[in-house]
Amino acid sequence: MAVNRVPVLKRCRSLGLDPMYLGIDKKSTRQLKRSSRKVSEYGLQLREKQKAKFIYGVLEKPFRNYYKKADRMPGMTGDNLMSMLEQRLDNVIFRLGFARTRREARQIVGHKFVLVNGKQVNIPSYLVSAGDTIEIKEKCKGYQRMKDILEVTGARLVPEWLDVNQETLTGTVKELPSREAIDVPVNEMLIVELYSK
């Protein structure tokens, strides 16, 4: 399996991204040396795509598959793409506050901590549906790791399309996310333009 080993803060600097969107509260004091050359239209489109891939931790081939699926769905392709990325199980675990970062959420899902509608799911790319109930397994709730995570993420705002109970470590998907409910700084129209060439 391919693993992204690029230093996170360095990648955030190069993409012009605030590490807070990844759940990381560090700040880099170093400034990126920007060249005086004008960035081409293709360069802007590519940067937006790389930003979306980096935030959600998706590699190129799955990302392209998400785009193809979003393109076939009714409605705006860009909005569909962002909604599908937001519906990924690892992202939902992160949004519910059961993990500090999306990478940690991916690990929690992979280590079989998570139940969706009472069934164990260990696939981070699993797409949740409206009405799904997500919870941490009973035996995992008492782990020190989960207590440490909840200590850090307790004050985090949960999006309005999700409902969470911090005491029982359960969450419900009230509805599928709309583009307005997604606070990720990505211009999805540039990604659509890039793939539709």
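A residue counts as buried when its relative accessible area is under 20%, as exposed when that area is over 50%, and as partly exposed in between. By this rule Glu 86 is buried, and Arg 95 is buried as well. The model used throughout is a predicted one.

**Exercise 1. The surroundings of Glu 86**

Determine where Glu 86 lies and which side chains its own side chain contacts.

Solution. 

Step 1. Glu 86 belongs to helix α4, which covers residues 77-86.

Step 2. The relative accessibility of Glu 86 is 0%, so this residue is classed as buried.

Step 3. The side chain of Glu 86 makes a polar contact of 2.4 Å with the side chain of Tyr 56. A polar contact of 2.4 Å also links the side chains of Glu 86 and Arg 95.

Step 4. Side chains of opposite charge can pair when their charged atoms come close. A salt bridge requires a side-chain nitrogen of Lys or Arg within 4 Å of a carboxyl oxygen of Asp or Glu. Glu 86 and Arg 95 form such a bridge, with an N to O distance of 2.4 Å.

**Exercise 2. Salt bridges and burial**

How many salt bridges does a search of the whole structure find? Classify the partners in the pairs Arg 88 with Asp 90 and Arg 100 with Glu 104.

Solution. 

Step 1. The search of the whole structure gives twelve salt bridges.

Step 2. Arg 88 and Asp 90 are joined through their side chains by a salt bridge of 3.1 Å, N to O. Arg 88 has a relative accessibility of 4% and is therefore buried. Asp 90, with a relative accessible area of 2%, is therefore buried too.

Step 3. In the salt bridge between Arg 100 and Glu 104, the closest N and O atoms are 2.8 Å apart. Arg 100 is partly exposed because its relative accessible area is 27%. Glu 104 is buried because its relative accessibility is 10%.

Step 4. Salt bridges can also be linked into a network, as they are among Lys 49, Lys 53, Glu 60 and Arg 64.

**Exercise 3. A positive surface patch**

Which residues form a positive surface patch, and where does Lys 68 lie?

Solution. 

Step 1. The patch consists of Lys 61, Lys 68, Lys 69 and Arg 72.

Step 2. Lys 68 is located in helix α3, residues 60-72.

**Exercise 4. Positive phi values**

Find the location and the accessibility class of Lys 112 and of Asn 117, and state the phi of each.

Solution. 

Step 1. Most residues other than glycine have a negative phi.

Step 2. Lys 112 has a positive phi, near 65°, although it is not a glycine. Its place is the loop between α6 (102-110) and β1 (114-116). With a relative accessible area of 38%, Lys 112 is therefore partly exposed.

Step 3. Asn 117, another residue other than glycine, has a positive phi near 55°. The loop that holds Asn 117 runs between β1 and β2 (119-120). Asn 117 is partly exposed because its relative accessibility is 44%.

**Exercise 5. Sequence separation and spatial separation**

Solution. 

Step 1. Lys 10 is a residue of helix α1, residues 8-15. Its relative accessibility is 52%, so Lys 10 is exposed.

Step 2. Glu 175 lies in the loop between β5 (170-173) and α8 (188-195). Glu 175 has a relative accessible area of 44% and is therefore partly exposed.

**Exercise 6. A contact of Thr 77**

Is Thr 77 buried or exposed, and which side chain does its side chain contact?

Solution. 

Step 1. Thr 77 is part of helix α4.

Step 2. Its relative accessible area is 15%, so Thr 77 is buried.

Step 3. The side chain of Thr 77 makes a polar contact of 3.3 Å with the side chain of Asp 71.

Notes:
Residues numbered from 1 in each chain as written. Predicted model: local features only at pLDDT ≥ 70, side-chain atom pairs only at ≥ 80, totals over all residues. Heavy atoms only, no water. Patch = residues over 30% accessible without salt bridge, like charges linked within 9 Å, V, L, I, M, F, W, Y side chains within 5 Å. Areas by Shrake-Rupley, 256 points an atom, 1.4 Å probe, with all protein chains shown as cover. Lys, Arg positive; Asp, Glu negative; His and termini not counted. Charge placed at Lys NZ, Arg CZ, Asp CG, Glu CD. Helix = DSSP H or I, 4+ residues; strand = E, 2+ residues; numbered from the N terminus. Buried < 20%, exposed > 50% of the residue type's maximum accessible area, 1.4 Å probe, protein only. Polar contact = N/O pair within 3.5 Å; in protein donor to acceptor, adjacent residues only side chain to side chain.
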